[in-house]
Amino acid sequence: MDMRRLSSALVKIQESIEIRREIYGDRHPRLAKCLYLKAEILFKNNQIESSQNHVEQVIQSYYHIINSPYYCQIIILSYHYFTLLL
């Protein structure tokens, strides 16, 4: 994916995050999904540290939503999986 498409995707996903935060608040599965997608885009754009920060936000969000550390482990493993694919 070229840099222009990644930049465009980041803008769109950030808009989606802001809208979902306004509608649902900070702890909702739909917001967490957008944060995870942003983490993937950031990773593909070689912004590893920022990507990891977004994954941590996803983990915190899901943990508070379902109060399950096991589900959070699944998120962590899936993040490691997509990092290995690149």
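A contact is counted when heavy atoms lie within 4.5 Å of each other. By this criterion, among contacts in the protein chain between residues at least 6 apart in sequence, 54% join residues at least 24 apart. The structure is a predicted model, in which local features need pLDDT of at least 70 and side-chain atom pairs count only at pLDDT 80 or more, whereas totals for chains, interfaces and linings use all residues. Residues are numbered from 1 along each chain as its sequence is written, and side-chain values use heavy atoms, with hydrogens and water left out.

Secondary structure was assigned from DSSP runs, with helices (H or I) of at least four residues and strands (E) of at least two, numbered from the N terminus. The protein chain contains four helices and zero strands, and the pattern read along the sequence is α-α-α-α. Burial was classified by relative accessible area with a 1.4 Å probe and protein chains only: buried means under 20%, exposed over 50%, and partly exposed in between. Of the 86 residues of the protein chain, 35% count as buried.

Helix H1 comprises residues 3–24. The expected span of a helix is taken as 1.5 Å times one less than its number of residues. The buried residues of H1 are Leu-6, Leu-10, Ile-13, Ser-16 and Ile-17. Viewed down the axis of H1, these buried residues fall within an arc of 135 degrees, so they line one face of the helix; the arc is that of the directions from the helix axis to the C-beta atoms. On the other side of H1, Arg-4, Lys-12, Glu-22 and Ile-23 are exposed. Glu-15, also found in H1, is partly exposed, with a relative accessible area of 43%. Its C-alpha atom lies 9.9 Å from that of Cys-34, at a sequence separation of 19 residues. Just after H1, Gly-25 adopts a positive phi of about 90 degrees.

Helix H2 (29–44) is included in what covers the buried residues of H1. Burial in H2 involves Leu-31, Ala-32, Cys-34, Leu-35, Tyr-36, Lys-38, Ala-39, Glu-40, Ile-41, Leu-42 and Phe-43.

Two packed helices are described by the angle between their axes and the distance between the axes. Axes are lines fitted to C-alpha atoms, for helices over the stretch in contact, and angles run from 0 to 180 degrees between N-to-C directions. H1 and H2 pack at an angle of about 160 degrees, with their axes 9 Å apart. The two helices are therefore roughly antiparallel to each other, a label applied to angles over 145 degrees, with those under 35 counted as roughly parallel, 65 to 115 as roughly perpendicular and the rest as oblique. H1 passes H2 in a left-handed crossing, meaning that the near helix is turned anticlockwise from the far one by less than a right angle, with clockwise corresponding to right-handed. On the H1 side, the residues that meet H2 include Leu-6, Leu-10, Ile-13, Ser-16, Ile-17 and Tyr-24. Their counterparts in H2 include Leu-31, Cys-34, Leu-35, Ile-41 and Leu-42.

The loop between H1 and H2 contains Arg-27 and His-28. Arg-27 counts as exposed at 53% relative accessibility, whereas His-28 is partly exposed, with a relative accessible area of 22%. Arg-27 and Gln-60 are 33 residues apart in sequence, with a C-alpha to C-alpha distance of 8.3 Å. His-28 and Val-58 are separated by 30 residues in sequence and by 9.5 Å in space, C-alpha to C-alpha.

Asn-45 is located in the loop between H2 and helix H3 (48–66), and Asn-46 is placed in this loop as well. At 12% relative accessibility, Asn-45 counts as buried; Asn-46, at 65%, counts as exposed. When residues up to four places away in sequence are not counted, Asn-45 touches Met-3, Leu-6 and Leu-10. Asn-46 takes a phi near 60 degrees, a positive value in a residue other than glycine, and is situated just after H2.
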